[in-house]
Amino acid sequence: MLAGCTPWPEEFARRYREQGYWEGITLFEMLRRSAAAAPTRIAVVDGERRATCRELLAHAEQLAAGLWQLGLRPQERVLFQLGNGLQFLAAFLALLRIGAIPVMVLPAHRRAEIAHFARHAQPVAHFVPARSDKFDYPALARAAAAECASLRAIVVDGEAPAGAHALADLRSAGAGPAAQAALARVLEPPAGEVALMLLSGGTTGMPKLIPRTHDDYVYTARRAGAAAGFGADTVFLAVLPMAHNYTLACPGVLGTLAHGGTVVIAHGTAPEDVFPLLERERVTAIGAAVPLAARWLQSGLFGRHDFSSLRSFINGGAKLAPELRRRVEERFGCTYQENFGTGEGLINMTRLDDPEEIRLYSSGRPISAADEIRIVDERGAELPAGATGELAVRGPNTVRGYYNAPEETAAAYTPEGFYRMGDVGRLVDGYIYLEGRRKELINRGGEKFSGEEVENHVLAHPSVASACVVAMPDPAYGEKACAFVILRQGCTLALPELVAFLRTRGIAHFKFPERLETVAEFPLSPAGKILRRELRERLRR
């Protein structure tokens, strides 16, 4: 395995191989098998462009040959910052084919984050869009190259500026017989080798790099797709950044393609962009997140588009409140699926045939039967069944450490190899019930409670479209709760009115928000998660 990575202990690796969790194939081979099973099936829809899986792989092979000629080699890292699209998939697969390792940078990352990733990963190339209405990505890549000696190539999707290489040109260069013959001599990497690097959550500091192998990521894509009920008739709408673990493979794009389905790529997140696509492409599953779900539910476009093809609405990245889950099922006319996981590996999902109580309130159960989950206290001691504590996990798709980060790895993992997730919850009959993040519980004079629990009650108020409850400092109690809310159009809300409403909900009075802030939108991380720490910082100003 790549130097700087922590391998699974041999006894665990052997068990996962022998029991069939790891198939011993690369991600490229996984899609090659899908193409062989249905060579003419449309795999990707990107605007007016449609490609079969066979055409996608051929595109990737040509691009891989061009990248090889450019000098990219196995185990070299590449900052991969392309936006959603067919070219994203082709370039991603091309890197996998030659064994170069894409570091999955999000389009929203800027100079500080890029400099951090470059120092840490020592990449040889930076892939960026040539043009964007919002940002000059080639300038960002040039600035990174000036500060990072290892960065020797800038590759752009679109017309290349001076000093950069265009993906289209590299593909053309790789289409010739000589280039293809050279690629044929390049062996695909071993299945146990690092395939890509994801970024850790990044809501509390600079993200760490998570090395995912072909073995564990093939398993993730296949199992997540199975848990979502994906098959050859699946049409998945990719809305969030495809560089994010959730949209890429949980089940996302790779989970769809692994099961023979079709991926439809959206180029906007507004209801005006998404709702017509649901109707036109007969979408059966959509991967959303809390801010999008709240925004879509406020739309006045319901009733103007046919959603009858939609079978599942999947939410990931952060827990969606039960009140909003109920609204999703009512308004979209489909089954809600909660998806709770981490880039480090563990993925939990509710199932389509779960009873309503589980769909609305739980965070699902693991997609892998081999996952070992413990609930531990602050010292790491395992707690009895049904107790609330921090989740810790190990399994065939949970990595054993971060890339080149021994101190962070030692802090996050137990000596037995369990990853301490930082999430607080209970385990009941195999299902996880989240209470919040360990560092985000509100401690009001010794009474600890989860802001997420209170959010669900706040959301039940008819004037509230979305809510986030965080801790604010208090000289007497240490902390009290503050509710940040986005109101429905034309509505108003004052704190006494909210407190009076919460009294009717039957919750303890110490959980009532003692300050109310109305906002137009929430601060979001590049992955689309609400940045609670920024809301807490506002309260300290």
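**Exercise 1.** In this predicted model, find which backbone atom the side chain of Ser362 reaches, and describe the surroundings of Ser362.

*Solution.* 
Step 1. The Ser362 side chain reaches the backbone nitrogen of Gly364, at 3.1 Å. The cut-off for a polar contact is 3.5 Å.
Step 2. Decide whether Ser362 is buried or exposed. Its relative accessible area is 0%, and buried means under 20%, so Ser362 is buried.
Step 3. List the contacts of Ser362, leaving aside neighbours within four places in sequence. They are Arg325, Glu338, Thr350, Glu357, Tyr431, Ile432 and Tyr433.

**Exercise 2.** Gln75 and Asp429 are not glycines. State the phi of each, then locate each residue and classify its accessibility.

*Solution.* 
Step 1. Gln75 has a positive phi of about 75°. For Asp429, phi is also positive, at about 50°.
Step 2. Gln75 belongs to the loop between α3 (53-70) and β3 (77-80). Asp429 belongs to the loop between β19 (419-428) and β20 (431-437).
Step 3. Asp429, at 74%, is exposed.

**Exercise 3.** Identify the residue joined to Cys250 by a cis peptide bond, and say where that residue is found.

*Solution.* 
Step 1. The cis bond joins Cys250 to Pro251, with omega about -5°.
Step 2. Pro251 is in the loop between α10 (245-249) and α11 (252-258).

Note on methods: Residues numbered from 1 in each chain as written. Predicted model: local features only at pLDDT ≥ 70, side-chain atom pairs only at ≥ 80, totals over all residues. Heavy atoms only, no water. Helix = DSSP H or I, 4+ residues; strand = E, 2+ residues; numbered from the N terminus. Buried < 20%, exposed > 50% of the residue type's maximum accessible area, 1.4 Å probe, protein only. Polar contact = N/O pair within 3.5 Å; in protein donor to acceptor, adjacent residues only side chain to side chain. Contact = heavy atoms within 4.5 Å.
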